[in-house]
Amino acid sequence: MSFTLTIGEQAPAFELAATDGNRYSLDSFADADVLVVFFTCNHCPFVVGSDEVTRATALKYEEQGVRFVGINANSVNTHPDDSYEHMVKRMAEQQFPWVYLRDESQEVAKAYGALRTPHFYVFDKDRKLIYTGRGVDNPRETSKMEVNDLDRALMEHLSGQPVSVPLTNPIGCNVKWDGQDAHWMPAEACDLV
């Protein structure tokens, strides 16, 4: 089995604390026609560099029943800036249009096979995976981006077309796994394409 979820697989269940003080599960978003789950964090330059494009994409498709859920699974032992307290502060400052969840145990990141921050997973109404990988082709400097893979996948799916490029390699910082070097990745976590 591959480390990362493969196209057509079911979204793994989760129940995690959010920066708004509530807990959310996969079922909390049952009303969404499309669910975008993405692994993110507070500090990574690839996340910070592309947050506004992600915001614009979330807002663009909000009225079409698309919901976004950000999950931070980074170890605070590796990167203290990724603590829950820093997440709350960042959401207060940025007011992102998504729920921001903390995966302290990293079990959800392992279930999804998150490789980098950011790493996007798009699920249809039945919560089958229809796209996974990068958001854009230059997340660190979006002024130089040429391709918005996430936007294309959502646009195609919502217009009833198959997703033309369902799999890309995420571009970003490694997920910071607890007890490991900051650049460590599981042996079975290789490029997706």
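**Helix H2.** I kept in mind that this is a predicted model. I began with H2, residues 84-94, and looked up its buried residues: they are Met 87, Arg 90 and Met 91. These three span an arc of only 100 degrees around the axis, which puts them on the same side of H2. Exposed on the other side of H2 are Glu 85, Lys 89, Ala 92 and Glu 93. What do the buried residues of H2 pack against? I found helix H1 (45-61), strand S4 (66-72) and strand S5 (99-102).

**Either end of H2.** Just after H2, I noted Gln 95 with a positive phi of about 55 degrees. In the loop between S4 and H2, I stopped at Ser 83. Ser 83 has 11% relative accessibility, so I logged it as buried, the cut-off being under 20%. Beyond its neighbours within four places in sequence, Ser 83 touches Asn 42 and Val 76.

**Aromatic rings.** I counted ten aromatic pairs in the structure. One of them is Phe 38 with Phe 68, edge-to-face, at 6.2 Å centre to centre and 70 degrees between the planes. Phe 38 belongs to strand S3 (residues 34-39) and Phe 68 to strand S4, so this pair ties together parts 30 residues apart in sequence. Phe 38 is buried at 1% relative accessibility, and Phe 68 is buried at 3%. Tyr 112 and Tyr 121 make another edge-to-face pair, 5.5 Å centre to centre with 80 degrees between the planes; both are buried. Ring pairs also join Phe 38, Phe 68, Phe 96, Trp 98 and Phe 120 in a cluster.

**Last entry.** I found the charged end of Arg 140 over the ring of Phe 46, 5.2 Å from its centre.

Terms used. Residues numbered from 1 in each chain as written. Predicted model: local features only at pLDDT ≥ 70, side-chain atom pairs only at ≥ 80, totals over all residues. Heavy atoms only, no water. Buried < 20%, exposed > 50% of the residue type's maximum accessible area, 1.4 Å probe, protein only. Helix = DSSP H or I, 4+ residues; strand = E, 2+ residues; numbered from the N terminus. Arc of directions from axis to C-beta. Contact = heavy atoms within 4.5 Å. Phe/Tyr/Trp six-rings, centres within 6.5 Å; stacked < 30°, edge-to-face > 60°. Lys NZ or Arg CZ within 6 Å of the ring centre and 35° of its normal.
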